[in-house]
Amino acid sequence: MIPVLEIGGTHVTAALVDPRDGRVTSRTRKPLDADGDAEDILGRVRDCADGLSVPPGARWGVALPGPFDYARGIALFKGVGKFDALYGMDVRAALLDGLRQRPGDVVFLNDAHAFLTGEWSAGSVRGHRRAVGITLGTGIGSAFLADGRICDNGPGVPPEGRMDLTEIDGRPLEDTVSRRAILARYGDTTADVHDIAGRARAEEERARRALDNAFTALGTVLGPRLLAFGATALVVGGSMARSWDLVAPALSTGLVTGGWTPDDPRADARRTRAMKPAGPAGDAALVGAARAAVA
């Protein structure tokens, strides 16, 4: 079993993972304040990790968002709305020296890459040779995978494999599709995205329109890239994907406009363009981090 950490903008999760079959045990999840100071953030991460029973010298896998120097373990967060206090810090050294059971090594992986790798190896897009993963939360995470390997270039792949570096109507994509963009479009400072989702389900037109506009726009810019990449599957994760009943119709409409038509999920025929939400257990990034640690 491989010890892993998944560090997000609102929580940190520690677990033991079998990378062969994706089995996850001893899971511990703690809230995390991405706006806190460095010691508070790292202290919460260490506290979560120390809850695992791990022998000294183990190799850990850690999935976390960018910007981050994954090879060296250096935080590069600056002006991205989270973890700014960690900018320039050697997170690898902080974990190697700070965990109760000293690791032998720590391997870092982009959280969207970890998510897609986990969904491909043991999740909802298993068996697809070419797949794309999108995570929807504070911003947009993305990964393009071919034959089990993450791609950062090639037909359809955005710069560095990052959809957040692309534009729509001359503006950064995250100005249209992100938590802050949806809140701005909705126009109620007391509401968060989950509140807007609830109001959309209650048939409030303003809420439905705010969500539909964002996810349709995402599909419109993503569709041509899926087509050029030759993707046979798109898997969507992140906190917003929990509202799949609201995300899927608008996203599908945009994908069709962009030239990539998802198959009807009710069809009996073999699906060649599958659009799916993340697995219900939410373990994909943990599995991906474990696979990176043993690579």
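The second largest pocket of this predicted model has a volume of about 290 Å³. A pocket is an open set of points on a 1 Å grid over the protein atoms alone, where a 1.4 Å probe fits, with protein on both sides within 12 Å along at least five of seven lines; its volume is the space filled by probe spheres set on the points. The lining, meaning residues with an atom within 4 Å of a point, comprises 14 residues, of which Thr117, Gly148, Arg291, Ala292 and Ala295 lie nearest the centre. Eight of the lining residues are nonpolar, four polar and two charged, with Gly counted as polar and Ala as nonpolar.

At least two lining residues come from each of β7 (105-110), α3, β10 and α8 (284-294), and α8 gives the largest share, four residues. Helices (H or I, at least four residues) and strands (E, at least two) are DSSP runs.

Strand β10 also belongs to an open sheet of five strands with mixed pairing, in the order β10-β9-β8-β13-β14; pairing requires at least two DSSP bridges. Three bridges join β10 to β9 (residues 140-146) in the antiparallel sense, and Leu145 stands opposite Ile150 in β10.

Helix α3 (residues 111-122) lies across β8 (130-136), β9, β10 and β13 (233-237) at about 45° to β9; angles run from 0 to 180 degrees between N-to-C directions of axes fitted to C-alpha atoms, for helices over the stretch in contact.

Residues are numbered from 1 along each chain as its sequence is written. Local features need pLDDT of at least 70, side-chain atom pairs count only at pLDDT 80 or more, and totals for chains, interfaces and linings use all residues, while side-chain values use heavy atoms, leaving out hydrogens and water.

Technical notes: Contact = heavy atoms within 4.5 Å.
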